[in-house]
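Dear colleague,

Here is the structure I promised to pass on. My notes on it follow below.

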Amino acid sequence: DEMLACRPLIQRLLDRVGIMVHPREFHHQLILALPEHPFVRCAVDVAYWDLYARRAGKPLFRLLGYDNCGLARSNFSIGLASAEEMQARAARAADWPAFKIKLGRADDLEIVRAIRKVTSKPIVVDANCGWTLDEARRKIPVLAEHGVVEVEQPLPADQWDAMKLLRRESPITLTADESCTNMGSLEKCVGGFDKINAKLMKSGGITPVLDIFDRAEALGLKRMLGCMPESRVGLSAICQFASAVDSIEVDSVFFHVAEQAVGVVIENGTITLDDHALGTSA
């Protein structure tokens, strides 16, 4: 519905652009035309980069200055459920290289212990802003003892001072998700987080993520590119960054009941980028 509502604005923008300009120039016009619609901007920005790469005769990852070797592998997300159900989901996804477990309840440690019984793979915990500082201080050392290597968004998004206190004590990586939505919030992550989780959808496309990643690197923050409930088209765009990030998450397509789109090959978390394909192969 949002895309349909914005369609006349998008068409007028495309008519005004005329001859294909660089995607960065196009994105500037896109922000002016659709300032309140980041999801729509993302869809149009990705499509424009894809077309630009095809016209250049290059796969998009090459056009962005990236490679198709040394690619990060995706983890497999396990949503909140009973400890028994989450354990069963981990067992069914045994071929994936790592797991991201959603937490934020009183039985968090019970869940991790249950999952650890069926896998020795690395575990990332996503608390989804669900802990207080005291909870995080109690839980993180125990999680580390059970092989958890990273905690994403342990505290509410605006708890900057509390995050700095927590980071001084944490034995494992702390990653910003809800705390990092744009350039302004990225700057605030310094000192409270080790890593940021950017998303094309929430950032508004490939162009702003390129800028966020450049700035994150300059600030000494590790970089992750995550997904929302995208189809394989959206995941194909995310995969173009796979050689440039410390970690990546492109598992959403495996939770769709019916997947009609085609694109980048993702098998048990392993991404394959075709050097002979144009655009994103989406």
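Buried here means under 20% relative accessible area, exposed means over 50%, and partly exposed covers what lies in between, with a 1.4 Å probe and protein chains only. Helices (H or I, at least four residues) and strands (E, at least two) are DSSP runs, numbered from the N terminus. This is a predicted model, in which local features need pLDDT of at least 70 and side-chain atom pairs count only at pLDDT 80 or more, while totals for chains, interfaces and linings use all residues. Residues are numbered from 1 along each chain as its sequence is written, and side-chain values use heavy atoms, leaving out hydrogens and water.

Helix H12 (residues 232-239) is mostly covered, with seven of its eight residues buried. These are Arg232, Gly234, Leu235, Ser236, Ala237, Ile238 and Cys239. The buried residues of H12 pack against (contact means heavy atoms within 4.5 Å) several elements, including helix H3 (38-56), helix H10 (200-203) and S7.

Next, the strands. Strand S6 (residues 195-199) has five of its five residues buried, so the rest of the structure largely encloses S6. Lys195, Asn197 and Lys199 point one way from S6, and Ile196 and Ala198 point the other way. S6 pairs in the parallel sense with strand S5 (residues 173-176) over two bridges; two strands pair if DSSP finds at least two bridges between them. Threonine 175 has lysine 195 of S6 as its bridge partner. Strand S7 (residues 222-226) also runs parallel to S6, joined by five bridges, and there isoleucine 196 is partnered by arginine 223.

Two helices pack together as well. The axes of H7 (residues 133-145) and H8 (residues 160-169) come within 10 Å and cross at roughly 15°. Axes are lines fitted to C-alpha atoms, for helices over the stretch in contact, and angles run from 0 to 180 degrees between N-to-C directions. H7 and H8 are therefore roughly parallel to each other (angles under 35 degrees count as roughly parallel, over 145 as roughly antiparallel, 65 to 115 as roughly perpendicular and the rest as oblique). Leu133, Ala136, Arg137 and Ile140 in H7 meet Ala162, Leu165, Leu166 and Glu169 in H8.

Last, two backbone angles. Asparagine 128, in the loop between strand S3 (123-126) and H7, is not a glycine but has a positive phi of about 50°. Asparagine 128 is partly exposed, at 34% relative accessible area. Glutamine 153, in the loop between strand S4 (148-152) and H8, has a positive phi near 45° and counts as buried at 0% relative accessibility.

Regards
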